[in-house]
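Colleague: I would like to learn how to read a model like this one. Could we go through it feature by feature?

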Amino acid sequence: MPSAKSKAKKPSKTTLQRTRKQLERQRQEILDLYQHDLAEGQRAHDEGGADDLVDRANNAYNREFMLALSGSERDLLRDIDAALERVDAATYGECQHCATRIPAARLKAVPWARYCVVCQEQVEQGIFLETD
Ligand SMILES: [Zn+2]
């Protein structure tokens, strides 16, 4: 059922193509970074034989940090993949919660944005849960 909101201007094909390229490039950058982190993590693991307690604490801290970093990279990858799916499904640029068109400026800053600013704030405040 078309609503008044769907009359809002959809992104042009050119914009979508540019967005897709940008998303794919960012995806690759994260993958490269992720591979780098894996290598670093392995190195930290290999160096874990040190007897010194401080060194051991530092290694543990670094591993925690690395895991956290990898986690946020995984989240971002998931967001980028979801955005690419929305480009294919021609729903890119629509808020996944209220279906309002996300302003171009926001999409430029956060090309994988799922929500408009209003809904994003609600997600961050835990007012509604993100849908996967
Ligand atoms: Zn919204």
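**Reading the model**

Modeller: A place to begin is Arg101, which lies in the loop between α2 and α3. This is a predicted model, and the confidence values come later.

Colleague: Is Arg101 buried, exposed or partly exposed?

Modeller: One counts C-beta atoms around the residue. Arg101 has 17 other C-beta atoms within 10 Å, so it is partly exposed.

Colleague: What is the secondary structure of the protein?

Modeller: It comes to four helices and zero strands. From the N terminus on, the elements run α-α-α-α.

Colleague: How much of the protein is buried?

Modeller: Buried residues make up 11% of the 132 residues. Among contacts with a separation of 6 or more, 56% are between residues 24 or more positions apart.

Colleague: How far does helix α1 reach from its first C-alpha to its last?

Modeller: The general idea is to compare the span with the one expected at 1.5 Å a residue. Helix α1, residues 13-46, has 34 residues and reaches 49 Å, close to the expected 50 Å.

Colleague: Why does α1 lie largely in the open?

Modeller: Of its 34 residues, the number buried is two, so α1 lies largely in the open.

Colleague: Which residues form the largest nonpolar core?

Modeller: In soluble globular proteins, nonpolar side chains tend to be buried together. Here the largest nonpolar core has 10 residues: Leu23, Ile80, Ala83, Tyr92, Ile102, Trp112, Ala113, Tyr115, Cys116 and Cys119. This core draws at least three residues from each of domain 1 (12-92) and domain 2 (93-132).

Colleague: What does Tyr115 touch, not counting residues up to four places away in sequence?

Modeller: Tyr115, one of the core residues, touches Cys95, Gln96, His97, Gln120 and Val123.

Colleague: And Leu84, where is its place?

Modeller: Leu84 is in helix α2. With 18 other C-beta atoms within 10 Å, it is partly exposed. Leaving aside neighbours within four places in sequence, Leu84 is in contact with Arg20 and Leu23, and Leu23 belongs to the core. Leu84 and Glu24 are 60 residues apart in sequence and 8.1 Å apart in space, C-alpha to C-alpha.

Colleague: How should I read the phi of Ala90?

Modeller: Most residues other than glycine have a negative phi. Ala90 is not a glycine, yet its phi is positive, at about 60 degrees. Ala90 is found in the loop between α2 (53-88) and α3 (104-109). It has 12 other C-beta atoms within 10 Å, so it is exposed.

Colleague: What about Ala99, with its positive phi?

Modeller: Ala99 has a phi of about 65 degrees although it is not a glycine. Its place is in the loop between α2 and α3. Ala99 is partly exposed because 14 other C-beta atoms lie within 10 Å.

Colleague: Does Val118 count as buried or exposed?

Modeller: Val118 lies in helix α4, residues 117-124. It has 11 C-beta neighbours inside 10 Å, so it counts as exposed.

Colleague: Where is confidence lowest and where is it highest?

Modeller: The mean pLDDT of the protein is 81, and 75% of its residues reach 70 or more. Confidence is lowest in α2, at a mean of 77, and highest in α4, at 93.

Terms used
Residues are numbered from 1 along each chain as its sequence is written. This is a predicted model: local features need pLDDT of at least 70, side-chain atom pairs count only at pLDDT 80 or more; totals for chains, interfaces and linings use all residues. A nonpolar core is a set of buried Ala, Val, Leu, Ile, Met, Phe, Trp, Tyr and Cys residues joined through C-beta atoms within 7 Å. A residue is buried if 20 or more other C-beta atoms lie within 10 Å of its own, exposed if 12 or fewer, and partly exposed in between; C-beta atoms are placed from the backbone. Domain bounds come from an automatic or database domain assignment. Two residues are in contact if their C-beta atoms, placed from the backbone, lie within 7 Å. The expected span of a helix is 1.5 Å times one less than its number of residues. pLDDT is the predictor's confidence in each residue, from 0 to 100.
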